[in-house]
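Q: I'd like to learn how to read a few features of a protein structure. Could we go through them together?

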Amino acid sequence: MLDASPAPLVKVRDLKMYFPIHTGVLRRHTGDVKAVDGVSFDIMAGETLGLVGESGCGKSTVGRALIRLYEPTAGEVEIAGDNILTLAPEALRKKRPQMQMVFQDPQASLNPRMTLAQIIGEPLIEHSGKTATDRLARIYELMDQVGLNRRFANRYPHEFSGGQRQRIGIARALALNPKFIVCDEPIAALDVSIQAQVVNLLEDLQDRLGLTYLFISHDLSMVRHIADRVAVMYLGRIAELSPRDALYAKPLHPYAEALLSAVPEPDPDREGSRQRIILKGDVPSPANPPKGCAFCTRCPKVMDICRTDRPALTEVEPGRQVACHLFPTTSAPAKSTSGGQYQLQQHGV
Amino acid sequence: MPDGGDAVLDVRGLKTVFRTRGGEVHAVNRVSFHLNRGELLGVVGESGSGKSVTMMSLIGLLPSPPAEVRAGEVWLGGRDILKISARDLREVRGAKVGFVFQDPMTSLNPVFQVGFQIMEPLIRHMGLSKDQARKRAVELLDLVGIPDASSRLDSYPHQFSGGMRQRVMIAIALACDPDVLIADEPTTALDVTIQAQILELVKELRQKLGMAIIWITHDLGVIAGIADRVMVMYGGQVVEHGPVKALFARPQHPYTRALLKTVPSLTGAREARLQVIEGQPPIMMEDPTSCPFAPRCAHAFLRCEEENPLRRAVDDKTLLKGHDVACHWEAVNG
């Protein structure tokens, strides 16, 4: 992380992504699935922000809406100075090289009829004026960077294992020298022994190329390893956004606490003695979220106010933002960037 | 049954191959293990290590062809169930052995009410009448913690969430009070908070019913929390086996040791860099004559290429009863 400039590379303000529900013969618009419902955060240049939560909490939708793979319902997203959500189509296309994505399923995100060289080279054809020879040189360079043997350039995706396919996906994302990469569950489909290989590669590339990551995952121990700060999402909203060490040492939001306590650890002694918080029931439907706090239906510390008033994400300790009525609102509003700067000094470098 | 004892299930030298167009795949090689009454045996391995195929071959759930159980004995209830007729085997499945599959979304039939699916084995195997079966089905749903059980019997699988569906699957597997419950990655498709609910349920059920369970998973954390004994599989073989505490405290096989280190920790010091196991898991295209882990092993030497290691005891217990490992290299434990 060479770039220590304190300005955030990515600024997200009150991002909302609603998917309409149409019912009846006339397909009338009768409601919305509020997949992302007012999410705000910053990502500093060179930083890795971990985004964790359970399936259906909206974490992948955030990642996609952020680089406008969806058209968000409301909000602002600024990446390296441009407001992504208002860019005209051609300007957005010109912006794409700066922001890339690595997808969860390397099987589904690579075209089975294209060779490895074609897959990695496609963004170069689309966005750079390189000649065929220059392109091939760049393709080889990228394959070296992600640890793929150059001899495999003319092979097809099915000839590779899951971990190698994910390397192809990473090489494709790197092709245009992006600043910001959304990693959407990049290791979820891989075997344990292969996960470490891919995570180490992502970290090496970040060190070498000064990349900024949004690392979306449900694997809390892997996020602890890779992220500088972590946002915990629940039902379309951020429950807690804290520096990594502070969060894992003492989660403040009751959901973050329950989530961390639910992760089994490979240590029989500790597993035997651990007090686990077992949440009752399931996550409510994002089409019909509870009034007040989204977590009030399962929260072990629920109070009356939680069922009526929605808690705002506020800074409760320097650098730590929590959306919970247990923590009285202090003067500092959540949206100031001062918290982010503090974290960069503390943890980001 | 060999050496009597407490074992409800005793598997000896199981070998399963798949005939494919590219040749024979030796998916399971000389796998031996036993399961004692009331015990939970964890089976760990990566995809393709043979852990699911082992369990499916021992109760004849693999389609043949392409699968062929080529050798071995599986002792259950005083009989070698590899040698019994298909008809008898059907009685064993469901009545003696319950199976919970990984994906609760696809292992329930979407067009039948869950009540019917729970009652079916009760009527078939236990000869209960419809009313009796319905009563028992309500008890079972209660047991697995589904609220308002009697009215939920008439719901269809899609009306349940993933965690609830897995509870229904467990209820079906428990329906005929089996001696052995085999759970194949039962929580892998679930979120961690829901996984925690299911793990808690299984602990409760074990106390109430004292059943013997085989729990297949790739998650070392889950194993550490619930298993009594662990069996680590790699390339279709058992590479290490032992009591859970001994195995986690003093792992012997280089694969087990590396596997434990590739998982980042949730507490304690944060590792600067994750340790990796280079290379890929093997596909066993021939009967192995060398150690299947040798190409990726940091400690491999000449003998590993020439001779597939047999399991040897690493404590003072008889082989297969205590902690054992299939490796030529001797681990030094500090």
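Q: Where is Pro65(B) placed in chain B?

A: Happy to start there. This is a predicted model, and in it Pro65(B) sits in the loop between α1 (51-58) and β4 (67-76) of chain B. Pro66(B) belongs to the loop between α1 and β4 of chain B too.

Q: What should I look at in the peptide bond from Ser64(B) to Pro65(B)?

A: Begin with the general idea: most peptide bonds are trans. Here the bond from Ser64(B) to Pro65(B) is cis, with omega near -5°. A cis peptide bond also joins Pro65(B) to Pro66(B), and its omega is about 10°.

Q: What about phi at Arg68(A)?

A: Again, the general idea comes before the case. Most residues other than glycine have a negative phi. Arg68(A) is not a glycine, yet its phi is positive, at about 60°. You can find Arg68(A) in the loop between α1 (59-66) and β4 (74-79) of chain A.

Q: How do I read the packing of α6 and α7 in chain B?

A: Look at the distance between the axes and at the angle. Helix α6 (residues 162-174) of chain B and helix α7 (residues 192-209) of chain B have axes that come within 10 Å and cross at roughly 20°. Angles under 35 degrees count as roughly parallel, so α6(B) and α7(B) are roughly parallel to each other. The crossing of α6(B) past α7(B) is right-handed.

Q: Which residues make that contact between α6(B) and α7(B)?

A: From α6(B) come Gly163(B), Gln166(B), Arg167(B), Ile170(B) and Leu174(B). On the α7(B) side, the residues include Ile194(B), Ile198(B), Leu201(B) and Leu205(B). Sorted by class, the contact has seven nonpolar, three polar and one charged residues.

Q: At what angle do α3 and α4 of chain A pack?

A: Helix α3 (residues 116-127) and helix α4 (residues 132-145) of chain A pack at an angle of about 120°, and their axes are 10 Å apart. α3(A) passes α4(A) in a right-handed crossing. Among the residues in contact are Leu116(A) and Ile120(A) of α3(A), with Ile139(A) and Leu142(A) of α4(A). By class, this contact of α3(A) with α4(A) has eight nonpolar, one polar and two charged residues.

Q: How much area do chain A and chain B bury between them?

A: The size of an interface is often given as the accessible area lost when the parts come together. For chain A and chain B, about 3,700 Å² is buried between them, with 55% of it on carbon and sulfur atoms. Chain A gives 40 residues to the contact and chain B gives 45 residues.

Q: How many salt bridges are there between chain A and chain B?

A: The count is two salt bridges. One pairs Asp204(A) with Arg273(B), where the closest N and O atoms are 2.8 Å apart.

Notes
Residues are numbered from 1 along each chain as its sequence is written. Chains are lettered from A and ligands numbered from 1 in the order in which they are written. This is a predicted model: local features need pLDDT of at least 70, side-chain atom pairs count only at pLDDT 80 or more; totals for chains, interfaces and linings use all residues. Side-chain values use heavy atoms; hydrogens and water are left out. Axes are lines fitted to C-alpha atoms, for helices over the stretch in contact, and angles run from 0 to 180 degrees between N-to-C directions. Helices (H or I, at least four residues) and strands (E, at least two) are DSSP runs, numbered from the N terminus. Angles under 35 degrees count as roughly parallel, over 145 as roughly antiparallel, 65 to 115 as roughly perpendicular and the rest as oblique. A crossing is left-handed if the near helix is turned anticlockwise from the far one by less than a right angle, and right-handed if clockwise. Contact means heavy atoms within 4.5 Å. Ala, Val, Leu, Ile, Met, Phe, Trp, Tyr, Cys and Pro count as nonpolar, Asp, Glu, Lys and Arg as charged, and the others, Gly among them, as polar. Buried area is the accessible area (1.4 Å probe) that two parts lose on being put together, summed over both. A salt bridge is a side-chain nitrogen of Lys or Arg within 4 Å of a carboxyl oxygen of Asp or Glu.
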